[in-house]
Amino acid sequence: GGVVGLVHAPAVADSVVLGVAAVIGLPAAVLGLLVVRRRPDNVVGALLGAVGALPCLILGREAYSAAAARSPGLPDSMVLVALEQGGWMWWYVPVALLVLFFPDGRLPGPRWRWVVAGLLAVPLAFGLLNARSSEPFPPPYEAAPHALGTWPAAAVPALEILAFALLPTLLGLLIAAGWSAVVRSRRADAVQREQLRWLALGGLLVPATLLLCWTSYLLLGGADLVLIGLALTYVGLPAAVAIAILRHDLYDIDRLLSATATYALVTGLLLAVWTAVVAGAGLLLGGD
């Protein structure tokens, strides 16, 4: 699932993939460097740097995998290949953490530590479950051995249920991260309140992108649309942070924020209804 394998099309050159990674990651990396120089004690700068670095790391790895498919002699690590399975969840972690810690580098309260722990634990658990799956790896590693071994056949049904349960758990954590900006704004002064409204607007892109990914699977049979959402998230959220830091009063965003939240809620409800209908039809008709 996720982004793995989407950039292996022969028509997409490795240089183009790396160029896209640079375009997506550069704004956040530059902004993170500026924040670190001004506020080295604030974790927001480091998180912006992580937001900028992640596309370069993942898409750079994708480009290397594409090169390995054309040149089988290139060295590679089968342990790394195994650990990459299910790694698409990590696309959402740095941006969600950024929303949680903005603007002062502290969480809204002690209870939000559970959200941070969940944002780190869920992708780790999901990646481990997929790393030891007995299914072949995606191209070009479909014939590669499972370096970490595979789960016992008797445990597979329960582990599949667990892996499926981690998906809505991730969505809930992303929504909670976005809600943290609302909670923080209630206690903020006028300037910080405007900053956090901009951040909430950008933070809505994070769970909306995950919903877009699932909608793409339901309607198109693949996750192609998620690339659009991820690009908007990785460009839009740093842009919202930059506006919040530099020009928090540039626009009145209340109406825009309200409309975006409404559309995201309606999309989520429609997706839930669609999923329930399809699942019910499958049970009644005996299909997958």
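**Aromatic pairs and helix packing**

Ring pairs join W88, Y92 and F126 into a cluster. The model that shows this is predicted. In total the structure holds three aromatic pairs. In one of them, the ring centres of W88 and Y92 lie 6.2 Å apart and the planes stand at 85 degrees, so this pair is edge-to-face. The cut-off for that class is an angle over 60 degrees. Both residues of this pair can also be described by their accessibility: W88 counts as buried because its relative accessibility is 9%, and Y92 is buried with a relative accessible area of 3%.

Another pair involves W91 and Y234. Their ring centres are 5.5 Å apart and their planes are at 85 degrees, so W91 and Y234 are edge-to-face. This pair links distant parts of the chain, since 143 residues separate its members. W91 belongs to the loop between α3 (78-84) and α4 (93-101), whereas Y234 belongs to helix α9 (residues 226-246). W91 and Y234 are buried.

A ring also takes part in a contact with a charge. The charged end of R132 sits over the ring of W151, at 4.4 Å from the ring's centre.

The backbone has a feature to note at F102 and P103. Most peptide bonds are trans. The bond that joins F102 and P103 is cis, with omega at about 5 degrees. P103 is placed in the loop between α4 and α5 (113-131).

Helix α6 (residues 156-186) packs with helix α8 (residues 205-220) at an angle of about 155 degrees, and their axes are 8 Å apart. Angles over 145 degrees count as roughly antiparallel, so α6 is roughly antiparallel to α8. On the α6 side, the contact is made by L167, P168, L170, L171, L174 and I175. On the α8 side, V206, P207, L210, L211 and W214 take part. Sorted by class, this contact of α6 with α8 has 11 nonpolar residues, no polar ones and no charged ones.

Helix α6 also packs with helix α7 (residues 190-203), here at an angle of about 170 degrees and with the axes 9 Å apart. That angle makes α6 roughly antiparallel to α7. From α6, the residues A181, R184 and S185 make the contact, and from α7 the residues R193, L196, L199 and A200. The contact of α6 with α7 divides into four nonpolar residues, one polar and two charged.

Notes:
Residues are numbered from 1 along each chain as its sequence is written. This is a predicted model: local features need pLDDT of at least 70, side-chain atom pairs count only at pLDDT 80 or more; totals for chains, interfaces and linings use all residues. Side-chain values use heavy atoms; hydrogens and water are left out. Rings of Phe, Tyr and Trp (its six-membered ring) pair if their centres lie within 6.5 Å; planes under 30 degrees apart count as stacked, over 60 as edge-to-face and the rest as tilted. Buried means under 20% relative accessible area, exposed over 50%, partly exposed in between (1.4 Å probe, protein chains only). Helices (H or I, at least four residues) and strands (E, at least two) are DSSP runs, numbered from the N terminus. A charge sits over a ring if NZ of Lys or CZ of Arg is within 6 Å of the ring centre and within 35 degrees of the ring normal. Axes are lines fitted to C-alpha atoms, for helices over the stretch in contact, and angles run from 0 to 180 degrees between N-to-C directions. Angles under 35 degrees count as roughly parallel, over 145 as roughly antiparallel, 65 to 115 as roughly perpendicular and the rest as oblique. Contact means heavy atoms within 4.5 Å. Ala, Val, Leu, Ile, Met, Phe, Trp, Tyr, Cys and Pro count as nonpolar, Asp, Glu, Lys and Arg as charged, and the others, Gly among them, as polar.
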